[in-house]
Amino acid sequence: MPSPRYFLNHFVPFIGYPYKGEATACNLCTCAETVVVAKSDRRLKTLTSVACVQCGLIRTDPMPTPDELAHYYAHAYRADYQLAFAGGPPRHHLKRSAREAEFRATLLAPKLVPGARVLDFGSGSGEFLAAVRNLGCEAVGVEPGRDYAAFARSQYGVDVLDEADDDRFPAGHFDVITTHHVFEHLRDPANVAERLARWLKPDGLLYIAVPNMAATGKPPHERFHFAHVHGFVRQTLDLTARRAGLVPHPDFWREDTTVVYARTDAPVPALANPGLAGRLAIDLEPMPAAAFLASGAWVMPMLRRNAKAVRDTFASK
Ligand SMILES: [Zn+2]
């Protein structure tokens with residue numbers, strides 16, 4: 001069990017998270033030079049995020065080590081987001097997940113024919129796997145969250161692996177691979193993109209969705225979260241895919257950072273988005289803390305989050 005102090009340090013605002021981390025180069029382009037884009041997160045805790053000056057990919061600095069992230073997921077993350085897990089995943093997670101699975105299955109419908117091989121990388125509570133299995137596809141999921149994986153297996157009878165190394169599947173195996181709000185949690189998203197691209201058939205599709213760090217209508221700090229060690233905008237998501245030999249598929253609708261990619265043989269261009277880091281630093285510049293507190297912009301998100309937790313806690317009893 002973590003100490004009470006470790007636990008508390010994850011929730012008290014205006015101080016940093018209990019981790020040391022390590023300096024890392026950009027996972028996408030290997031450049032080490034950065035600009036700071038944020039110094040706090042959605043809990044108003046101290047957390048430094050930087051953008052790579054060469055390609056614009058945002059990352060937490062220092063980057064939590066694999067052990068620190070594992071510790072966080074095992075203790076603080078679970079307490080924070082899964083208070084009601086004793087009765088299964090929180091209801092609002094399941095509702096949202098079912099809606100999202102339907103959207104994804106509709107979008108990819110032309111490829112989800114009987115017999116198609118489908119991988120959902122980061123399959124969560126399993127709604128998308130169940131949806132494509134019901135369409136006659138051969139569906140498999142990968143989900144490191146043990147509770148979610150167990151729920152998916154028992155609730156829907158779907159096939160879920162705890163993890164999948166490079167050689168878990170042969171090259172050119174899948175017709176469709178999807179990964180929904182996973183890449184922002186990974187220390188090595190560019191490497192994982194390459195692995196997923198390798199597992200795709202030559203005419204296969206890779207669906208990737210991540211939060212858009214350039215989304216308007218939210219106070220800038222609301223976009224930062226300790227579990228999100230990388231932050232994407234459309235240009236950096238496209239470049240991550242491009243490095244893996246993928247380009248946006250012209251036949252599929254795309255909304256900012258929800259994109260369907262297809263393989264290409266064209267050579268990989270320079271891994272750069274000139275000027276992007278500077279623009280992100282301006283767009284994500286926080287309000288001064290006092291002005292932010294006075295504006296009350298933090299009240300509604302906090303009430304919403306608490307209301308959901310309370311609802312789920314009582315609904316599951
Ligand atoms: Zn970079």
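Good morning. I begin with a definition: a residue is called buried when its relative accessible area is under 20%. The structure before you is a predicted model, and by that cut-off F226 counts as buried, because its relative accessibility is 2%.

My topic today is the aromatic rings. A pair of aromatic rings is described by the distance of the centres and the angle of the planes. How many aromatic pairs does a search of the whole structure find? The search finds seven.

Let us take one of them, the pair formed by Y72 and F226. The ring centres are 4.8 Å apart and the planes stand at 65°, so this pair is edge-to-face. Where in the chain do Y72 and F226 lie? Y72 belongs to helix α2, residues 66–81, whereas F226 lies in the loop between β8 (200–209) and β9 (230–231). Y72, like F226, is buried: the relative accessible area of Y72 is 3%, and that of F226 is 2%.

A further pair is that of F151 and Y156, which is also edge-to-face. Here the distance is 6.2 Å from centre to centre, and the angle between the planes is 85°. Are these two residues buried or partly exposed? F151 is buried, at 14% relative accessibility, while Y156 is partly exposed, at 24%.

Elsewhere, R104 places its charged end over the ring of F128, at 4.2 Å from the centre. Thank you for your attention.

Technical notes
Residues are numbered from 1 along each chain as its sequence is written. This is a predicted model: local features need pLDDT of at least 70, side-chain atom pairs count only at pLDDT 80 or more; totals for chains, interfaces and linings use all residues. Side-chain values use heavy atoms; hydrogens and water are left out. Rings of Phe, Tyr and Trp (its six-membered ring) pair if their centres lie within 6.5 Å; planes under 30 degrees apart count as stacked, over 60 as edge-to-face and the rest as tilted. Helices (H or I, at least four residues) and strands (E, at least two) are DSSP runs, numbered from the N terminus. Buried means under 20% relative accessible area, exposed over 50%, partly exposed in between (1.4 Å probe, protein chains only). A charge sits over a ring if NZ of Lys or CZ of Arg is within 6 Å of the ring centre and within 35 degrees of the ring normal.
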